[in-house]
Amino acid sequence: MWCNEPAGHGSATGYFAPQLWLSLVAFAYTAAMSEFRWWRALQLAWQQGGRGLQPYPRLEFERIFQQTGTSGLLVLVAVNRLKFLNDQRGWAAGDALIRCIERALRQHLPRGTNLTRWSGDEFLLFVPTSSFEDINRILSGLQRQLASPFPDQPAFLFGLSHLNETQPFQEALNEADHALYLDKGEGAISAQRLGEERGLFNLSYQLVQMDSPEDIVTKGLHLVRCLLRFEAAAFAQVSEGHLVNQRLDHDPAVTFPDGVLDGRIRLSPLAQRAVQDHRTVVTLDAPNDPAASGIWDRLQGKSGMVTPVEVGGQAIGILWTMQITAYRAVPVRAQHLLELAAMRLAHVLELRQTVQAVRQTLEGGLLGLGVALEARDLESYGHTQRVVDASVQLGRALGLSSSALDDLRQGAYLHDIGKLSIPDRILLKPGRLDPDEWQVMQSHAATGASIAAHIPQLSPGALNVIRAHHERWDGAGYPSGLSGAEIPLLARIFAVCDVYDALTSKRVYKPAWTAQQAQEEIAQQAGKQFDPEVVQAFLTLVDGVRTAADDEHQGHTAQASEPKT
């Protein structure tokens, strides 16, 4: 049973005094007395133990080590959940646990061990001339034997590091601190861990909402860095032993030279190890770690970790986090979270690759069908691919989403599928069509939409392109006589590109127009045949739109460059 709080401790009289300075004095007195009680109890207990273990103030501890320069072990011991214990059961319970841990250490650690209070719930020990394995075995045994106020959790946690005259004290302390974090391992489900779990869920949720790999890397990287609380994080693709296309996210308070990660950067031994071993690799002291080169040198990082991003067992990239301004421990939870983030990132990238492969397969089939249609219609070679490219280019300029661009692309491939139902005597007639023939020809738009509707997974947006690309802004088009904004936007976009390519292509019934002539005609039809806003956007980018003449010139150039046999 835990002791009750002694009478008179923590008197709140000073806190309710009207003068602010009395409140401050009372607070300082309470804190000082609490520290004095802790320290005095520790001194008395150590003196009574007769083992020669000496407690020192923190500054004295460092001074003694610097004077002696003795090699040994640095041990960082943390009282497990001390703040929670003090809050729930009072400081007396916390002091009792500290004394219990102290007695156990005094009874089992070698003579000559020095100790200092290092922080609110930690104290630091220097154990000279002892083996790492022996001290680790002693402390691990105490963890199992010592009674703890928390079921299934040790009363204390510890971390060990080697310390000698050639190793900076701060470096050894950082290694001990890291080992302490590793000892905590999974631990209890703390508020911090719950926050990390919620952060990881939020990361996963937001990643799957992103459409493009660009968003996944850029926005996902920022989420990862903020979740793990590092000053910098980056994702880079791995190509032939080098890092390429690096994306960096960093704390605004930390600045880097422009282009610091541009170009190809050779994989550091640290990153090579992560890729080869398929695991996260940590560096606690990058400036003195030979494996931490490359990006670590460029960014002058001090601590951090690297983990591979793998698809199908192969590393397609690496994800790394870095601390720039100060050394820090890298707890095992942070390593696990980085690995989970890399898995989520890899999963989404793999999914996007799969979708892209399916899309390319579908587009290959649609392009093949479009080419067959243009061959039957005696349209110029390459018409289908040209109008697809021009439509997507125009759609991007108008700010269409990636899904809308997919719909536009699919509809453009199949825009004339309805001509399969048009007899050759009408479709291939070199002269003007009579009214009856023209009525049959006009049916191809509605018929094409009906045919395409039987193609699995073809979107409504694509069907709108097929059905409505002959509608006119003034309502004089077909098949439904739609006008203005009644015409689906994707069909309005495609109509401009389709007519422009038809005008600049040679047909059996007309010669090819020049690009200038076609542009003037498109401009004149704004507000009549075409949406004025779409025309305006088209004319700003038309110089980059490929025509049949461009394809013919390219073909002649390629033919001329072929070797004679």
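Asp406 is buried, since its relative accessible area is 15%, and a residue counts as buried under 20%. In this predicted model, the side chain of Asp406 forms a salt bridge with that of Arg409, with N and O 2.7 Å apart. Arg409 is likewise classed as buried, at 13% relative accessibility.

## Other salt bridges

The structure contains eleven salt bridges. One of them joins Asp249 to Arg225, whose closest N and O atoms are 2.5 Å apart. This pair connects distant parts of the chain: Asp249 belongs to strand β7 (residues 242-250) and Arg225 to helix α8 (residues 213-228), 24 residues apart. Asp249 counts as buried, with a relative accessibility of 14%, and Arg225 is buried as well, at 8%.

A further salt bridge is formed by Arg472 and Asp474, with 3.0 Å between the closest N and O atoms. Here Arg472 is partly exposed, with a relative accessible area of 22%. Asp474 is also partly exposed, its relative accessible area being 40%.

## Glu471, a buried charge without a salt bridge

Glu471 lies in the loop that runs between α16 (460-468) and α17 (489-503). The residue is buried yet has no salt bridge. Its nearest side chain of opposite charge is that of Arg467, 6.0 Å away; a salt bridge would require a nitrogen and a carboxyl oxygen within 4 Å.

The side chain of Glu471 does reach the backbone nitrogen of Gly481, at 3.1 Å. Leaving out residues up to four places away in sequence, Glu471 touches Gly477, Tyr478, Pro479, Ser480, Gly481, Leu482, Ile487 and Gln529.

## Overall composition

The protein chain has 20 helices and eleven strands. Of its 565 residues, 45% count as buried. Among contacts between residues at least 6 apart in sequence, 64% join residues that are at least 24 apart.

## The largest nonpolar core

The largest nonpolar core has 37 residues, and Leu394 and Phe538 are those with the most contacts inside it. The elements that give two or more residues to this core are α12 (383-397), α13 (402-413), α15 (435-452), α16, α17, α18 (515-524) and α19 (532-541). Helix α17 supplies the largest share, eight residues.

Apart from its neighbours within four places in sequence, Phe538 is in contact with Leu394, Val496, Cys497, Tyr500, Ile522 and Val545.

Strand β4 (residues 122-128) is joined to β3 by five bridges, and the two run antiparallel. Within this pairing, Thr116 stands opposite Leu124 and Arg117 stands opposite Phe123. Strand β2 (residues 72-79) also pairs with β4 in the antiparallel sense, over seven bridges, and Leu73 is found opposite Val127.

Strand β3 (residues 114-119) is largely enclosed by the rest of the structure, because five of its six residues are buried. Strand β4 is mostly covered, with seven of its seven residues buried. In a regular strand, side chains alternate between the two faces of the sheet. In β4, Glu122, Leu124, Phe126 and Pro128 point one way, while Phe123, Leu125 and Val127 point the other way, and all are buried.

Met305 has Thr321 in β11 as its bridge partner.

## Ala176 in helix α6

Ala176 is located in helix α6 (residues 169-184) and counts as buried because its relative accessibility is 0%. Its C-alpha atom is separated by 5.0 Å from that of Ser161, 15 residues apart along the chain. With residues up to four places away in sequence not counted, Ala176 touches Leu74, Leu76, Gly159, Leu160 and Ser161.

Terms used
Residues are numbered from 1 along each chain as its sequence is written. This is a predicted model: local features need pLDDT of at least 70, side-chain atom pairs count only at pLDDT 80 or more; totals for chains, interfaces and linings use all residues. Side-chain values use heavy atoms; hydrogens and water are left out. Helices (H or I, at least four residues) and strands (E, at least two) are DSSP runs, numbered from the N terminus. Buried means under 20% relative accessible area, exposed over 50%, partly exposed in between (1.4 Å probe, protein chains only). Lys and Arg count as positive and Asp and Glu as negative; His and the chain ends are not counted. A polar contact is a pair of N or O atoms within 3.5 Å; within protein, one must be able to donate a hydrogen and the other to accept it, and residues adjacent in sequence count only if both atoms are side-chain atoms. Contact means heavy atoms within 4.5 Å. Two strands pair if DSSP finds at least two bridges between them. A nonpolar core is a set of buried Ala, Val, Leu, Ile, Met, Phe, Trp, Tyr and Cys residues joined through side-chain atoms within 4.5 Å.
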